[in-house]
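Biologist: I'd like to learn how to read a model like this one. Can you walk me through it, one feature at a time?

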Amino acid sequence: MDAIQRAVLISSFVAIISGMGICSLLNSPPDFLWDELRRPTAFPAWNVKTFPKQFDGFFNDRIALRSELVMVRNWLKLQAFNSSGTSLVMAGKDGWLYLKDDVCQGLPYCTRPFTNEELNLIADHYSETRAWLRKQGIAYLVVVVPGKSAIYPEFLPAGLNLVWSRNRVSQVLEALGKRDVPVVDLYNAERKRSKHEQIFFKGDSHWNDRGALLAALTIEDAVRKRFGAACRVRAGRTSVFPSQLDSPDLLRMLGLGAIAKENYERIALTSEGVIECRMRTSGSATCHATIAASLETAIASLNDRDPVLTVSSGKELPRAIFLCDSFATSLRPLIAPDFKEALWCREAEVPRKLVAAMKPDIVIEEIADRFVSFRLPPAVRDKLAARNKLVM
C-alpha cells in the first residue's frame, strides 16, 4: 500500500469517526427513553472526578444510530446466549421474559419481609378506606393481580423457581383478612388455569386475553355476591379470533419493539353496547355531554392523565370506580358491561372528590402484586417517612 492509499484510508477513517461524533453531539434524544424507562442523561456540570463518567452517559444517549445498535446487540445476546441486555428484564427458559422487579419481589435475598409496623400501617390504610366508603353506603373490593413470575415460576432462570415466594403479598393478604377488608386474590385461579393454557404473554409482563377473562369472571362473581342478580351472566357472550400483540413491553425494553410481535387469541364480548370515553381526549365530546358538570370537574382533578369512563346499556347495573394499573387495559373491555358506568383511573388512593361526585355503588382497587410489595400507599409512606423508617 503506497503513501497515497494509506493517507486516503486514514482520512476516511478519521472522517467517519469524526462525523459520527459530531452527529451524536448534535443529536437530540426524546424527552423520555420509553424502552429503558428513564430520561436521557443531561449534560453534566464540570467536576474533575465525575465529569468523564457523566459525559460518557450523556454521549452514549445521543450516539448516532443508538437505537439500531442497541437492538442488534440485545437481539444477539438474547438469541445466542439467552441473556438480557438490560437490567429491567430477566431472560427465562423457553423464550419467556420477566420483569426484574416482578421476580425480585419474591426472592428472599432481594426483598425483606414487611416489619410489623409497616404491615399494621398498610392494613390500617385499607381498613380506614373501607370504613369511609361504608359510611357513604359504598362497597369496597381489593383485587390483587399476580405477576408472571408467580403464575409461571417454572420458566424462571434455573434455581430461582426453587426459592421464589409471595412473601410480602402473603403478609398483606393475611393482615387485610384480619381487618375484614374484602379481597379477591387471583393467584389460585390463575395458577390453576396456567397448567392447561397460556394466560400470560411470553414477551410481555401482562396477562393475555385468556388471563384477563378469567380475572373478569372472578371479579364478576365477587360483585354478584354483593349485588345479586343485577350483575350479568357472561356465558355465551364471547368470541375468539387470532391476533397479534405489537411491541410486547419486555421486548420493547430490550430495544426490540420495532421488530417484535407475539401471536395470541383475542377475546371479545358480543353485542354489549358499551361506550368507552377517554376523558382527557377532545374527541370524547359526546361523552362529556352525557355526564354531570360536577363529575367532569372531579375527573379533571385526578392525577391520571388518561382516565376512562365506560357506559353500558344496562339500567339496573351497579356503578363503579376502578383504581387500576396497566393490567386493566385488557380487563376493561371484558368487565365493563357488568356496570352501568365505570370510571377507570390510575390513582394511588381513593379520590374522595370523585367518589362524592359519582356516588358509585362499589370501588374496586386493582393492584399488581409487585406494587403491593414495592409501592406503599402515599399515606403510609408519609407516616413512615415522618418516623424516619421509610426503608423498602
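**Reading the cavity**

Modeller: Let's start with the lining of the largest cavity: by class, nine residues there are nonpolar, none polar and none charged. Nonpolar here covers Ala, Val, Leu, Ile, Met, Phe, Trp, Tyr, Cys and Pro; charged covers Asp, Glu, Lys and Arg; the others, Gly among them, are polar. Keep in mind that this is a predicted model, where local features need pLDDT of at least 70, side-chain atom pairs count only at pLDDT 80 or more, and totals for chains, interfaces and linings use all residues. Residues are numbered from 1 along each chain as its sequence is written, and side-chain values use heavy atoms, with hydrogens and water left out.

Biologist: What volume does the largest cavity have?

Modeller: Rolling a probe the size of a water molecule over the atoms shows where empty space is left. A cavity is a set of points on a 1 Å grid over the protein atoms alone where a 1.4 Å probe fits but cannot get out, and lining residues have an atom within 4 Å of a point. Points are joined across faces, edges and corners, and the volume is the space filled by probe spheres set on them. Here the largest cavity comes to about 50 Å³, and the whole structure holds one cavity of 30 Å³ or more.

Biologist: Which residues line the largest cavity?

Modeller: Tyr126, Val142, Val144, Val169, Val172, Leu173, Leu176, Ile367 and Val372. Strand 3 (139–145) and helix 7 (167–178) are the elements giving two or more residues, and helix 7 gives the most, with four. Helices (H or I, at least four residues) and strands (E, at least two) are DSSP runs, numbered from the N terminus.

Biologist: Where does proline 337 lie, and is proline 337 buried or exposed?

Modeller: Buried means under 20% relative accessible area, exposed over 50%, partly exposed in between (1.4 Å probe, protein chains only). Proline 337 sits in the loop between helix 13 (328–335) and strand 10 (341–345); with a relative accessible area of 2%, proline 337 is buried. Compare alanine 379, found in helix 16 (residues 378–386): its 28% makes alanine 379 partly exposed.

Biologist: What does alanine 379 touch?

Modeller: Contact means heavy atoms within 4.5 Å. Not counting residues up to four places away in sequence, alanine 379 touches His125 and Glu349.

Biologist: And which residues are buried in helix 2?

Modeller: In helix 2 (residues 51–60), those are Phe51, Gly57 and Phe58. They lie on the same side of helix 2 because they cover an arc of only 130 degrees around the axis, taken from the directions from the helix axis to the C-beta atoms.

Technical notes
On a 1 Å grid over the protein atoms alone, a cavity is a set of points where a 1.4 Å probe fits but cannot get out, and a pocket is an open set with protein on both sides within 12 Å along at least five of seven lines; lining residues have an atom within 4 Å of a point.
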